[in-house]
Structures are given as C-alpha cells and as structure tokens.
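Let's take a walk through this model together. Have the sequence and the coordinates open as you read.

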Amino acid sequence: AQHQHLSLDAYHRSPRPTTGHSSTAQRYQHDSWHSSRRARTGPRPGAHYNYAPAPQAVLDRALRLQLVCESHGARLIDAAFRFPLLHPATLSVIPGGQGLAEMAGNVRAAAARIPLGLWQGLAAEGLIPEALVPAV
C-alpha cells in the first residue's frame with residue numbers, strides 16, 4: 001500500500017526509496033532536527049529555524065505547541081522527538097547530537113512517556129493532522 005506523504009515541518013521525506021524497497025513500500029527517512037532544535041531553545045526571540053533566525057510565525061506556532069505540551073505535563077522536545085513516529089511510514093528517528101549532553105537528552109526524549117491526550121490536544125488546536133492521533 002502506498003502511504004500519503006504529509007507536509008509537516010517535522011518531516012523530511014527521503015528523496016528516493018531506501019535500497020531494497022519497492023516504490024510502493026518504500027521507507028521514509030524522517031529528520032526531526034529542525035523541530036527538535038526549536039524545542040531545545042524554545043519559542044523565544046533569537047531562536048533559530050532552518051539555520052536562520054526563526055520568523056515570528058514559527059515562534060508563534062512553537063509557543064502554541066509548547067503550551068499544549070505543558071498542559072499535558074510533557075516537554076516540547078519529547079513530543080518533537082516522538083512526533084515523526086506517529087506516521088505509519090516512519091520506521092525510526094535518527095537524532096543529531098552535538099555532544100554528550102545532547103545525546104543524553106535524546107535518550108531521555110526517546111524514553112519519555114507521551115500521553116495520548118497530548119496528541120489529541122495538538123490535533124484539536126490544528127497543530128497536527130487528526131489522522132496522526134494514535135487510536136486508543
């Protein structure tokens with residue numbers, strides 16, 4: 001079955017199928033780098049997005065994301081790390097790290113418990129597609 005590709009700022013589709021997979025069952029490589037970097041610095045003036053100062057619209061969206069996460073007792077970075085895994089075509093997330101502290105943070109984010117209500121809340125606010133909310 002062919003998966004629909006969603007245009008989300010946390011997703012980056014691989015430009016070609018991974019070796020050994022057919023075009024209809026291709027793997028997608030997703031990189032949550034930009035979202036997780038934004039989540040590390042938070043929605044504040046001077047934060048960066050795509051290697052440049054974040055536009056106000058990006059900061060506003062990040063603040064909305066952060067507020068929903070906080071209302072569910074979750075850290076934005078943990079949700080950003082786990083978000084790509086909601087899509088059925090995503091097999092893994094390979095985070096970057098610029099040192100031991102970031103690598104330890106990645107391990108913490110990977111192990112974090114994300115409540116179902118968080119994904120439901122993000123969808124209710126129009127921040128993620130309803131189709132990505134996990135079934136109960």
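This is a predicted model: local features need pLDDT of at least 70, side-chain atom pairs count only at pLDDT 80 or more; totals for chains, interfaces and linings use all residues.

Residues are numbered from 1 along each chain as its sequence is written, and side-chain values use heavy atoms, with hydrogens and water left out.

Start with Phe83, which sits in the loop between α3 and β4; helices (H or I, at least four residues) and strands (E, at least two) are DSSP runs, numbered from the N terminus. At 8% relative accessibility, Phe83 is buried, meaning under 20% relative accessible area, with exposed being over 50% and partly exposed in between (1.4 Å probe, protein chains only).

Now, what does the structure hold by way of aromatic pairs? There is one. Phe83 and Trp119 make up that pair, with 6.4 Å centre to centre and 40° between the planes, so it counts as tilted. For the cut-offs, rings of Phe, Tyr and Trp (its six-membered ring) pair if their centres lie within 6.5 Å; planes under 30 degrees apart are stacked, over 60 edge-to-face, and the rest tilted. The pair ties together distant parts of the chain, since Trp119 belongs to helix α5 (residues 116–124), 36 residues from Phe83. Trp119 is buried too, at 5% relative accessibility.

Back in the loop between α3 (76–82) and β4 (90–93), look for His87. His87 is buried, with a relative accessible area of 7%.
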